Amino acid sequence: MFDSDKFQEIWQTITRNKVRSFLTAFGVFWGMFMFIGMLGIGQGFENGMKKQVSNVATNSMFVMARTTTVEYKGFNAGRWWNMTQDDVILLNKQIPEIKTISGMVMFGNFKAAFNEKNSDVFVQGIDHLFYEIDNQNITSGRGIGYLDMAERRKVCVLGNDAADQLFALGEDPIGKMIQVGAVYFKIIGVVKPRGNINFGGDPGTTVYIPTSTAQQLEGRGNALDIMAIAVPDDVKIKNIEDKVKTILRTKHLISPLDNNAVMTMNLQEMFLMFNYLFIGIAILIWIVGMGTLFAGVVGISNIMLVTVKERTNEIGIKRALGAKPKVITRQIMMESLLLTFIAGFLGMFFGILVLVLTEQATQNSDSMFTNPTISFTMAIVGTIILVLSGLIAGIIPAKNALRIKAIDALRDE
């Protein structure tokens, strides 16, 4: 049950020397403020990084053709080769772990025009499976479909920045015809990039057309520039990466020793590296934060030792009047706990306040720093740490108080 008289007595003891108590409590305040701030900053950078790569499937890889560097079966080094749509079929057939495989064509840079307006764009050929790997945000209309591929339709999905340059505010571009280079395409959708990983030009200024249409317009048959491969979550891309390289080398007569001709980019390993990086940052933040907070707790413990020494007479008289050891211990521990908790809680409050203000200032930006907040669980953990710190800070002073005897107090008096 709450004892207001006891609380008032404890509070008066703490505020007896205001300057000393303030300076000591400030160490705890600053320690908790720094701890919460660093946690939020670390979370903000982690959220920002995840936002930048949120558009791409984490369990995916990309394959590109490069010139050979090793002579093989009568072919000189430096030979260029092309991946084709037949490779997509072959890989799908021989590697059952593959969930999705999509072929892309980098068509190039062009000038897009609509009426009197124009925009510099990058044209990229994609198929209907592309969206399972690059999770684009189609804001209006639809994406490239199977029939668009099969019938080699002259349709396109327009990046949002290009759409803003070509059409007036509020004008619906869906169904309009735009000229890209010398070819007219019908707009079937507008896309806004979710992240900053892209495989070609800037997604905001890219015109996406069916891969088959791009191949026909370029006269490249069924050649591909990039193949994107995704696997189920329980499969490691690394396990199929070597299989993909081996199959392509065999089909295109490339030396098994040529590590340059088939270039792969394993996003799964990249994301895993990021996870390890942020785990390391989190560990460092806990070490530094707890160290700073511990320094404040040591200050609280020291000030309580001084307080106990100054109150030798008071404590001795209480002992002489029959005060039990647990009463003296409880009083010292409560003083330490109250001082630590108040200072730490204020540090936590101002730390969270700064993070909230920072979040509001950066919520509309497209930076690597997003939503620098801490979870409710972390707030609870911080509170528990404060309580334990206060109790730890009072252990040694409480033991010193129990050593004081009535005769010593009277002698000092």
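**Reading strands, burial and surface**

Analyst: Strand 1 and strand 12 pair in the antiparallel sense, over five bridges. Please note that the model is a predicted one.

User: Which residue of strand 12 stands opposite F62?

Analyst: Pairing can be followed residue by residue. Here F62 stands opposite M265 in strand 12.

User: With how many bridges do strand 1 and strand 11 pair?

Analyst: Strand 1 (residues 60-65) pairs with strand 11 (residues 226-230) over five bridges, again in the antiparallel sense. One of the partners can be named: M64 has I226 of strand 11 as its bridge partner.

User: How many of the six residues of strand 1 are buried?

Analyst: Five of the six are buried, and strand 1 is thus mostly covered.

User: Why does T264 count as buried?

Analyst: Buried means under 20% relative accessible area. T264, which lies in strand 12 (residues 262-266), counts as buried because its relative accessibility is 17%.

User: What does T264 touch, leaving aside residues up to four places away in sequence?

Analyst: T264 touches M61, F62, V63, E241 and K245. With E241, the side chain of T264 also forms a polar contact of 2.5 Å.

User: Is I287 buried or exposed?

Analyst: The term exposed applies over 50% relative accessible area. I287, in helix 8 (residues 267-310), is exposed because its relative accessible area is 57%.

User: Which residues make the nonpolar surface patch?

Analyst: L272, Y276, I279, I283, L284, I287 and V288 make this patch, with an area of about 690 Å².

Notes. Residues are numbered from 1 along each chain as its sequence is written. This is a predicted model: local features need pLDDT of at least 70, side-chain atom pairs count only at pLDDT 80 or more; totals for chains, interfaces and linings use all residues. Side-chain values use heavy atoms; hydrogens and water are left out. Helices (H or I, at least four residues) and strands (E, at least two) are DSSP runs, numbered from the N terminus. Buried means under 20% relative accessible area, exposed over 50%, partly exposed in between (1.4 Å probe, protein chains only). A polar contact is a pair of N or O atoms within 3.5 Å; within protein, one must be able to donate a hydrogen and the other to accept it, and residues adjacent in sequence count only if both atoms are side-chain atoms. Contact means heavy atoms within 4.5 Å. Two strands pair if DSSP finds at least two bridges between them. Patches are made of residues with over 30% relative accessible area and no salt bridge: like charges are joined within 9 Å, nonpolar side chains (Val, Leu, Ile, Met, Phe, Trp, Tyr) within 5 Å. Accessible areas come from the Shrake-Rupley method with a 1.4 Å probe; for residues, only the protein chains shown count as cover. A salt bridge is a side-chain nitrogen of Lys or Arg within 4 Å of a carboxyl oxygen of Asp or Glu.
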